[in-house]
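User: Hey, could you walk me through this one? I'm new to it.
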Amino acid sequence: MKLTKSQKRTLGRILLSAGLLILVSLLRWIGILPDVWYILLPCHLVAYLPVAWQVILKAARNVAHGQIFDENFLMLIATVGAFVIAEYPEAVFVMLFYQVGELFESIAVGKSRRSIAALMDIRPDEARVERNGEEVILSPDEVQIGDTLIVRPGEKIALDGIVLAGSSNLDTRSLTGEALPRSVGVGDEAISGCINISGLLRLRVIKPYGESTVAKILELVESSSLVKSKAENAVTKFAHWYTPLVVIGALLLAIIPSLITGEWQRWLHTALIFLVVSCPCALVISVPLSYFGGLGCASRHGILVKGANHLEALANADTVVFDKTGTLTRGSFEVVRITPVSGDEGTLLAVAASAEQASNHPIAESLKHAYSTRSAHPLPQADGIEELAGYGVRAVIDGSTVLVGSAKLMEREGISYIAEPDVGTAIYVCLNGAFLGSILISDRIKKNARETIDVLHACGVRRAVMLTGDREDAARAVARDLSLDGYAAELLPADKVERLEALLKDKNGTLVFVGDGVNDAPAMARADLGIAMGALGSDAAIEAADIVLMDDDLKKLSTAIDISRYTRRIVHQNIVFAIGIKVLFLFFSIFNMTNMWAATFADVGVAVLAILNAMRTLKK
Amino acid sequence: MKKTFAMENLDCANCAAKMEKNILKIDGVRSATVSFFAQKLVLEGDDARWDEIVKEACKAVSRVDADCKVIAK
């Protein structure tokens with residue numbers, strides 16, 4: 001572990017002080033130092049000063065500025081008080097341990113901060129650009145739209161661009177948390193922040209650095225720790241009242257019982273213990289540290305959270321509302337089933353693809369795509385292709401007339417066919433008036449969708465609801481397959497907001513909206529928490545959402561909820577633990593059941609444990 | 001106007017909270033966040049008084065902790 005200069009200095013002072021304290025105690029024990037105050041006090045002061053000097057200085061300066069109740073001042077009073085009642089070793093020990101706690105805190109915070117900075121190590125330092133036929137290295141800021149960017153294997157892509165030449169695999173791990181590389185070829189968009197793994201790429205820059213994905217993400221991550229959670233604010237408020245209250249309590253304890261019983265020494269001692277446990281540091285630092293760690297952990301998984309408050313809200317998710325297309329389903333049409341009357345699937349697919357080869361309708365595209373990946377048959381030559389708008393196509397293949405289209409087409413042509421029972425777009429194929437079979441094309445449910453919905457239900461989400469603009473039957477099928485708690489179909493964007501309002505009226509926690517962030521921005525803004533999926537490369541989604549999932553894997557949603565709940569649990573543990581121990585020691589001290597050594601251990605120990613606990617969020 | 005300032009030697013979370021509270025009291029400040037972890041101050045305030053606001057905010061910071069500085073760019 002590397003310490004900073006000031007941390008090393010503090011460590012040196014602590015060691016010096018500790019050494020002197022041990023030495024003085026030893027000398028006293030073997031009887032060299034007589035037990036008289038005018039010898040013991042100066043000896044202990046020598047051990048005290050190395051650790052106390054800075055605290056005294058700070059306390060004096062802050063008191064001069066009118067800031068009385070700060071921890072420096074409290075520690076000073078507590079230790080000076082201990083000297084006054086002749087508890088010399090205690091006085092040194094309290095200050096010594098206070099400094100140990102401070103040092104530990106500073107190391108822990110520095111460590112968290114560094115590991116998060118390392119996580120977000122996606123900032124490109126330079127860009128290799130071709131200008132006038134020569135390669136020059138520029139700062140990413142200086143590169144302009146239209147420049148040709150050259151990215152060698154192993155280099156980071158500095159700006160968003162379109163591949164002009166070359167093909168390669170890109171490592172998107174630092175952006176998405178996804179280990180699987182993404183392959184790019186000519187014409188594809190290459191996103192900044194990715195690392196080029198295999199081949200040399202030449203890109204045409206399409207965005208200036210400031211608007212590139214990497215800059216946007218960095219900006220988001222850097223500003224996320226500025227937004228505070230409710231728990232953080234509550235703890236700050238608590239600290240604001242706690243310290244003065246304990247100080248007043250200490251003052252009363254020192255005076256009132258002493259006046260009654262006359263035991264000044266005993267009650268002064270109790271009051272000093274009060275002061276030692278009066279610092280709320282454990283809480284004030286561990287709660288934000290937990291959230292800081294949670295945010296860092298989320299970004300390591302490719303989940304960008306725009307603030308601790310959003311992470312907190314997610315942990316209370318009660319209702320999760322999904323958009324359908326692109327969120328629960330893949331959002332692209334695919335051949336899901338081929339049902340030939342006789343013969344094999346490949347032949348049927350080849351005939352259909354051949355008839356549709358001139359069309360660029362999404363249905364035709366999915367047929368052609370399925371053909372190229374599934375069928376080994378050569379594509380038959382089709383002539384005289386005729387588009388029958390709204391019905392399908394007619395073509396001549398090897399002298400036979402082929403009809404490819406909807407059920408309406410079959411009915412119009414008077415062909416008897418076997419209707420496709422499932423939801424989706426059914427394509428029927430007929431050759432010379434004889435029905436050959438059907439091909440079902442539909443939007444597929446994402447592979448982790450079912451699992452994610454189950455996880456959501458298992459971890460306490462009451463309702464998972466889908467709102468979609470798609471047709472009723474398609475929506476019903478998806479809702480049934482995923483066992484959703486409700487759905488509404490054929491909604492316009494404005495209807496979605498209306499439905500959302502109704503759900504908002506009837507909720508026990510946070511209402512989360514999950515969408516692709518492109519056409520559901522109003523709903524996302526209206527929900528308590530908006531989550532955009534598959535946001536890599538989509539500025540609109542990054543802008544609109546509170547939480548951004550960098551790729552479109554639904555599993556990230558359950559990961560995000562998991563992290564948020566884990567963080568919340570740790571925060572609660574720390575709050576209960578820290579306040580509990582402090583209150584316990586306040587009680588102990590009133591009934592004279594503890595001493596300053598134990599109180600110091602309790603105070604610093606609680607802080608150290610709370611910090612260690614908080615740092616667990618980072619590792620999740 | 002809204003601006004983010006880097007901070008130096010902000011070494012206690014409690015101080016950050018106090019600074020934030022004091023900065024919010026400055027006339028013309030609409031919002032202020034002092035982040036201990038990011039070591040940053042985000043300040044939003046009236047354009048007309050902007051320069052004074054920044055100056056007073058720096059003062060409010062050093063009043064809580066004399067070692068801590070706002071790096072005014």
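Analyst: Helices (H or I, at least four residues) and strands (E, at least two) are DSSP runs, numbered from the N terminus. This is a predicted model, where local features need pLDDT of at least 70, side-chain atom pairs count only at pLDDT 80 or more, and totals for chains, interfaces and linings use all residues. Residues are numbered from 1 along each chain as its sequence is written, while chains are lettered from A and ligands numbered from 1 in the order in which they are written.

User: OK. Which residues of helix 20 of chain A does helix 8 of chain A meet?
Analyst: Met596(A), Ala599(A), Thr600(A) and Asp603(A) in helix 20 of chain A are met by Leu272(A), Ile273(A) and Val276(A) in helix 8 of chain A. By class, the residues of that contact are five nonpolar, one polar and one charged. Here Ala, Val, Leu, Ile, Met, Phe, Trp, Tyr, Cys and Pro count as nonpolar, Asp, Glu, Lys and Arg as charged, and the others, Gly among them, as polar.

User: And at what angle do helix 8 and helix 20 of chain A pack?
Analyst: About 10 degrees, with the axes of helix 8 (residues 264-276) and helix 20 (residues 596-619) of chain A 9 Å apart. That makes helix 8 of chain A roughly parallel to helix 20 of chain A. Angles under 35 degrees count as roughly parallel, over 145 as roughly antiparallel, 65 to 115 as roughly perpendicular and the rest as oblique. Axes are lines fitted to C-alpha atoms, for helices over the stretch in contact, and angles run from 0 to 180 degrees between N-to-C directions.

User: Switching topic: in what order do the six strands of the open sheet in chain A come?
Analyst: The order is 12-17-16-15-14-13, with antiparallel pairing. Strand 12 (329-340) and strand 13 (382-388) of chain A are at the edges with a single partner strand each, so one side of each has no neighbour in the sheet. From one strand to the next, the twist averages 20 degrees.

User: How many bridges join strand 16 to strand 17 of chain A?
Analyst: Seven bridges join strand 16 (residues 425-431) to strand 17 (residues 434-445) of chain A. For instance, Leu431(A) has Ala434(A) in strand 17 of chain A as its bridge partner. Two strands pair if DSSP finds at least two bridges between them.

User: What packs on that sheet?
Analyst: Helix 11 (residues 345-355) of chain A does, and its direction makes about 85 degrees with that of strand 17 of chain A. Helix 11 of chain A also has a crossing with helix 12 (residues 362-374) of chain A, at roughly 140 degrees, where the axes come within 9 Å. That makes helix 11 of chain A oblique to helix 12 of chain A.

User: Now chain B. How many residues does it put into the contact with chain A?
Analyst: The contact takes 14 residues from chain B and 15 residues from chain A. Helix 1 (13-24), strand 2 (29-35), strand 3 (40-45) and helix 2 (50-64) of chain B each supply at least two residues of chain B's side. Helix 1 of chain B gives the most, with three residues. That side of chain B has eight nonpolar, three polar and three charged residues.

User: What does strand 3 of chain B pair with?
Analyst: Strand 1 (residues 2-8) of chain B pairs with strand 3 of chain B in the antiparallel sense over five bridges. Strand 2 of chain B is joined to strand 3 of chain B by six bridges, and those two also run antiparallel.

Key
Contact = placed C-beta atoms within 7 Å.
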